[in-house]
Amino acid sequence: MAKMIFVNLAVTDVAAATTFYEALGFERNPTFSNPQASAMRWSDTISVMLLDHAFYATFTDKAIIDARTQSGALLALSFDDRAAVDTITDAAVVAGGRELHEPEDHGFMYSRAFEDLDGHGWGPFYMDMAAAEQAMGQPADTQAPA
């Protein structure tokens with residue numbers, strides 16, 4: 001079995017959150033979805049579970065943060081090119097999300113950032129690995145000892 005990750009997010013309105021993530025290209029998996037939760041598939045190995053607050057609370061004794069005013073995690077998704085970073089960020093804003101800052105272009109890496117309807121932050125990015133290695137120097141495993 002492939003290693004997988006399921007990111008669980010507390011949301012105030014499962015239906016609205018589901019619509020938001022569908023607008024970004026996530027696919028709802030009806031097998032693991034109900035009125036309390038939507039299983040949103042991003043890829044073969046990454047899914048986001050949108051859980052209403054009551055259901056989310058069954059998995060933890062900790063207080064659920066308000067992601068609009070507190071940070072609980074920084075989530076990033078990699079893309080094959082800059083245009084795809086722009087596409088998902090623009091789709092997030094059109095679907096009711098909020099862009100967090102201007103695009104960041106470091107030459108070898110391009111990123112943007114947005115929040116979903118509940119304030120969960122996402123940082124889509126594209127990185128040219130060859131350019132990154134060149135910008136940062138040789139890969140760590142090929143550097144001469146100091």
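The structure is a predicted model, in which local features need pLDDT of at least 70, side-chain atom pairs count only at pLDDT 80 or more, and totals for chains, interfaces and linings use all residues. Residues are numbered from 1 along each chain as its sequence is written, and side-chain values use heavy atoms, with hydrogens and water left out.

Strands (E, at least two residues) and helices (H or I, at least four) are DSSP runs numbered from the N terminus, and two strands pair if DSSP finds at least two bridges between them.

Strand S3 (residues 37–41) runs antiparallel to S4, with 5 bridges joining the two. The link from S3 to S4 is a hairpin of 4 residues. S4 is also mostly covered, with 6 of its 7 residues buried, where buried means under 20% relative accessible area, exposed means over 50%, and partly exposed lies in between (1.4 Å probe, protein chains only).

The other open sheet described here also has 4 strands and mixed pairing, in the order S5-S8-S7-S6. Strand S5 (75–78) and strand S6 (98–105) are its edges, each pairing on one side only. Its twist averages 20° from one strand to the next. Helix H3 (residues 82–94) packs on this sheet and touches S6, S7 and strand S8 (121–127), its direction making about 10° with that of S7; such contact means heavy atoms within 4.5 Å. S6 and strand S7 (residues 109–115) run antiparallel and are joined by 5 bridges, and the bridge partner of Asp105 in S7 is Tyr110.

Strand S7 also holds Glu115. This residue counts as buried because its relative accessibility is 12%. Leaving aside residues up to four places away in sequence, Glu115 touches Phe20, Ala67, Gly97, Arg98, Leu100, His120 and Gly121.

Attention can now turn to the open space. The largest pocket has a volume of about 520 Å³. Of the 26 residues lining this pocket, Ser71, Gly72, Ala73, Leu74 and His120 are the closest to its centre. Strand S1 (5–11), S5, S7 and S8 each give two or more residues to the lining, and S1 gives the most, with 4 residues. By class, 15 lining residues are nonpolar, 9 polar and 2 charged. Here Ala, Val, Leu, Ile, Met, Phe, Trp, Tyr, Cys and Pro count as nonpolar, Asp, Glu, Lys and Arg as charged, and the others, Gly among them, as polar. On a 1 Å grid over the protein atoms alone, a pocket is an open set of points with protein on both sides within 12 Å along at least five of seven lines, and lining residues have an atom within 4 Å of a point.

Notes. Axes are lines fitted to C-alpha atoms, for helices over the stretch in contact, and angles run from 0 to 180 degrees between N-to-C directions. On a 1 Å grid over the protein atoms alone, a cavity is a set of points where a 1.4 Å probe fits but cannot get out, and a pocket is an open set with protein on both sides within 12 Å along at least five of seven lines; lining residues have an atom within 4 Å of a point. Grid points are joined across faces, edges and corners, and a volume is the space filled by probe spheres set on the points.
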